Amino acid sequence: METQLSNGPTCNNTSNGPSTISNNCSSPVESSSIEDSKTNLIVNYLPQNMTQEELKSLFGSIGDIESCKLVRDKITGQSLGYGFVNYVDPKDAEKAINTLNGLRLQTKTIKVSYARPSSASIRDANLYVSGLPKTMTQKELEQLFSQYGRIITSRILVDQVTGVSRGVGFIRFDRRVEAEEAIKGLNCQKPPGATEPITVKFANNPSQKTSQALLSQLYQSPNRRYPGPLAQQAQRFRLDNLLNMAYGVKSRFSPMAIDGVTSLAGINLPGHAGTGWCIFVYNLAPDADESILWQMFGPFGAVTNVKVIRDFNTNKCKGFGFVTMTNYDEAAVAIASLNGYRLGDRVLQVSFKTNKTHKA
DNA sequence: TGTTATT
């Protein structure tokens with residue numbers, strides 16, 4: 001990829017990122033044993049509202065996909081925020097890691113890495129650690145725990161305002177037995193130089209908590225016969241607040257209603273494609289590819305599809321492309337933000353697709 | 001007690 005946006009895949013070893021110190025930056029394509037799959041990827045930290053189809057669309061822009069699964073809560077159907085993508089060609093899996101690891105989608109920074117072979121021994125290997133010295137860094141935390149096994153992720157929680165460590169964190173080991181040994185060796189022990197002992201125990205499983213909370217909400221709600229629309233309404237409300245905070249957008253007064261009316265009445269408004277809102281992106285460079293569109297539009301909300309229009313003979317971009325977004329509000333903010341955006345030495349023109357434009 | 005890491 002020739003053009004790199006500021007919000008594109010980056011190498012982030014920030015103090016609060018759930019990364020492993022040792023291998024996150026240097027090479028996510030790390031050595032694996034001979035039986036490990038080189039086509040199957042695990043994708044972590046997906047936006048809550050991202051669907052399996054959107055996951056497939058995003059990773060399908062790299063190469064042919066053999067299978068793709070978004071993992072959902074068995075009871076509530078809610079996304080658990082991670083999924084699997086299995087490519088036909090191992091080269092595409094490697095390309096997906098290099099291209100999409102660290103991609104920002106809405107409020108999340110996705111992680112793309114090889115999936116370990118599925119096994120009971122790698123489940124429930126996540127530890128919750130508290131009582132850490134406030135001065136302890138993520139690197140020091142990993143150094144302390146690495147004597148017990150291979151660390152998959154680590155994280156130290158920080159105060160959102162001050163950025164100061166809250167003295168609590170997480171360590172995910174490769175295998176549960178490693179986590180068990182770490183508890184035996186480190187629980188109630190003082191780290192080198194520390195004045196107080198730390199607590200090390202297995203972390204709560206967030207999927208169980210979410211599922212319980214949602215179920216109890218369902219049972220307590222007087223309108224529980226309509227969980228679907230209510231959940232959507234709640235999601236919309238949270239989105240409105242988020243947009244308001246982030247951009248000062250009063251989406252309560254934006255044409256949300258138009259979205260509903262158009263679908264019912266079949267009115268042909270610019271960009272409205274039935275399956276979402278189609279956006280026209282003009283003045284792309286000849287070497288532009290799909291990933292640049294994902295990087296630009298992904299942070300603004302649910303994107304279902306992107307397409308770079310190419311010349312049949314040269315395979316070079318003809319200077320424009322299309323992006324389909326599910327929600328009007330998010331599409332409108334994306335357009336307002338990206339129209340006039342300078343990409344390399346070009347100034348983009350971004351608008352809802354109109355009928356006079358070449359069909360996608 | 002997390003940007004829900006094993007289908």
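This is a predicted model: local features need pLDDT of at least 70, side-chain atom pairs count only at pLDDT 80 or more; totals for chains, interfaces and linings use all residues.
The side chain of Ser79 places a polar atom 2.9 Å from the backbone nitrogen of Gly81. Residues are numbered from 1 along each chain as its sequence is written, and side-chain values use heavy atoms, with hydrogens and water left out.

Ser79 sits in strand β3 (residues 79-87); strands (E, at least two residues) and helices (H or I, at least four) are DSSP runs, numbered from the N terminus. With a relative accessibility of 6%, Ser79 is buried, where buried means under 20% relative accessible area, exposed over 50% and partly exposed in between (1.4 Å probe, protein chains only). Setting aside neighbours within four places in sequence, Ser79 contacts Gln48, Leu70, Val71 and Arg72 (contact means heavy atoms within 4.5 Å).

Now for the nonpolar cores, each a set of buried Ala, Val, Leu, Ile, Met, Phe, Trp, Tyr and Cys residues joined through side-chain atoms within 4.5 Å. The largest has 49 residues, and Phe59, Ile279, Leu293 and Phe297 touch the most other members. Helix α9 (residues 328-338) supplies the largest share of this core, six residues. Domain 1 (40-114) and domain 3 (277-352) each give at least three residues to this core, with bounds from an automatic or database domain assignment. Apart from it lies another core, of 18 residues, including Ala125, Ile156, Leu186 and Val200.

On to the rings: Phe, Tyr and Trp (its six-membered ring) pair if their centres lie within 6.5 Å, with planes under 30 degrees apart called stacked, over 60 edge-to-face and the rest tilted. The count comes to ten aromatic pairs. One of them is the tilted pair of Phe280 and Phe320, at 5.7 Å centre to centre and 55° between the planes. Phe280 belongs to strand β11 (residues 277-282) and Phe320 to strand β13 (residues 317-325), so this pair ties together parts 40 residues apart in sequence. Phe280 is buried at 16% relative accessible area, and Phe320 is buried at 12%. Ring pairs also join Phe280, Tyr282, Phe320 and Phe322 into a cluster.

Methods:
Chains are lettered from A and ligands numbered from 1 in the order in which they are written. A polar contact is a pair of N or O atoms within 3.5 Å; within protein, one must be able to donate a hydrogen and the other to accept it, and residues adjacent in sequence count only if both atoms are side-chain atoms.
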